[in-house]
Amino acid sequence: MELPAQLRQAVDELLENTPLNTIKTAAKTLSERYRAETRDGRLHMGEDLAVKAYLATRLPATYAAVRASLDAIGETRPDWTPASLLDIGAGPGTVLWAVADAWPVLERATLLEASTAARRTGERLAGLLALPTDWKSGDATIDMAELPAADLVAAAYVLDEIVPSALPKLIERLWQLSTDTLLIVEPGTPAGWERVMAARAQLITAGAHILAPCPHQRPCPLAAPDWCHFARRVARSRLHRLAKDADVPWEDEKFVYLAATRQPVAPPGPRVLAPPRAGSGKVDLKLCGLDGQASQRLFTKRDGDAFKRARRVDWGDALID
Ligand SMILES: C[S@@+](CC[C@H](N)C(=O)[O-])C[C@H]1O[C@@H](n2cnc3c(N)ncnc32)[C@H](O)[C@@H]1O
């Protein structure tokens, strides 16, 4: 998956006069802070250079994860289109670009961002879209009172930057502001999954219906050390490769997501929870079923059409009958 061409070009222009070594050092610091889930009161993207490092090394991956999550929403509810978006911890506007790509009919967007450097960059990039956007400066754990409700509310790769004790209140507020759907995306780590599972339980208690990825409302059948996550292959730009000293022209972004809605939904089918293991005339799938159970299921040629469908699905897809 790649960034939209217009965004890719604008990002390249923003980065073109910054020396590679400067980006490299900033990217290393940023990556270390994300990996350690550092919460020292400073924003990871407080400085312009950190924002540039994010654009060069993280934006393509977080865009791919958000875009894949939107695809799952669209698959379950093909007739739904959001007219308004509220994005919390918007960074450079990743979610905005992904939503505008998935649903070009989007009419307006409000974006809350705590870092001035990230907000300025996001606002500048968003100026390229034919869509009114209202960028607000503020802390999601304090400044949510005046925000408008929206059809789609999103928080992508932001819960991990917020102190855990503030999350239940934040989730409650995000859900209040969601007139239809709330989307949470987090890094595909056990800690990211735990955060999403806590939000899932809270949202179900508040009356939400799980839209994706779970095809049921029951407790998650997985138990640590197993955890539910997905992956998207992301093309690395030349600058990204150089900044990360990477050899391969792609990376696999692992992510966890949850979409919850106010409407009851019919799940499209069991969700594929791991890369399929295919052999000659057979394919083995790890599935999360409509009955809330996780299982390993072997499909062989004898299963006829079901085998053909099982051969076509990938990790993260719904196995549609
Ligand atoms: C990892 S970035 C994610 C950006 C974007 N959502 C994406 O998926 O690429 C997290 C963003 O959340 C912002 N952020 C962190 N804590 C915040 C808070 N309490 N309120 C608002 N924004 C916050 C950070 O400044 C940063 O821009």
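Take the contacts in the protein chain between residues at least 6 apart in sequence (C-beta atoms, placed from the backbone, within 7 Å): 73% of them join residues at least 24 apart. This is a predicted model, where local features need pLDDT of at least 70 and side-chain atom pairs count only at pLDDT 80 or more, while totals for chains, interfaces and linings use all residues. Numbering starts from 1 along each chain as its sequence is written.

**Overall build**
- The protein chain has ten helices and twelve strands, taken as DSSP runs numbered from the N terminus (helices are H or I, at least four residues; strands are E, at least two).
- Its radius of gyration, over C-alpha atoms, is 20 Å, close to the 20 Å from the globule rule for 321 residues, so the chain is as compact as a globular protein of that length. That rule is 2.2 Å times the number of residues to the power 0.38.
- The C-alpha trace spans about 60 × 45 × 40 Å along its principal axes.
- Of the 321 residues, 42% are buried, meaning 20 or more other C-beta atoms within 10 Å of a residue's own, again placed from the backbone.

**Domains**
- The chain splits into domain 1 (5-261) and domain 2 (271-312), with bounds from an automatic or database domain assignment.
- Their C-alpha centres sit 30 Å apart, and the contact draws eight residues from domain 1 and nine from domain 2.
- On the domain 1 side, that contact has six nonpolar residues, one polar and one charged. Here Ala, Val, Leu, Ile, Met, Phe, Trp, Tyr, Cys and Pro count as nonpolar, Asp, Glu, Lys and Arg as charged, and the others, Gly among them, as polar.

**Around the ligand**
- The ligand is surrounded by 22 residues, each with its C-beta atom within 6 Å of it; the closest are Thr-62, Gly-89, Gly-91, Thr-94 and Ala-156.
- Helix 4 (59-76), helix 5 (94-102) and strand 2 (108-113) each give two or more residues to this shell.
- By class, the shell has 13 nonpolar, six polar and three charged residues.

**Nonpolar core**
- The largest nonpolar core has 90 residues; such a core is a set of buried Ala, Val, Leu, Ile, Met, Phe, Trp, Tyr and Cys residues joined through C-beta atoms within 7 Å.
- Helix 4 is its top contributor, with ten residues.
- Leu-85 is among the residues with the most contacts inside the core. Beyond its neighbours within four places in sequence, Leu-85 touches Leu-96, Val-99, Leu-106, Ala-109, Ala-150, Leu-152 and Ala-154.

Terms used:
Two residues are in contact if their C-beta atoms, placed from the backbone, lie within 7 Å. A residue is buried if 20 or more other C-beta atoms lie within 10 Å of its own, exposed if 12 or fewer, and partly exposed in between; C-beta atoms are placed from the backbone.
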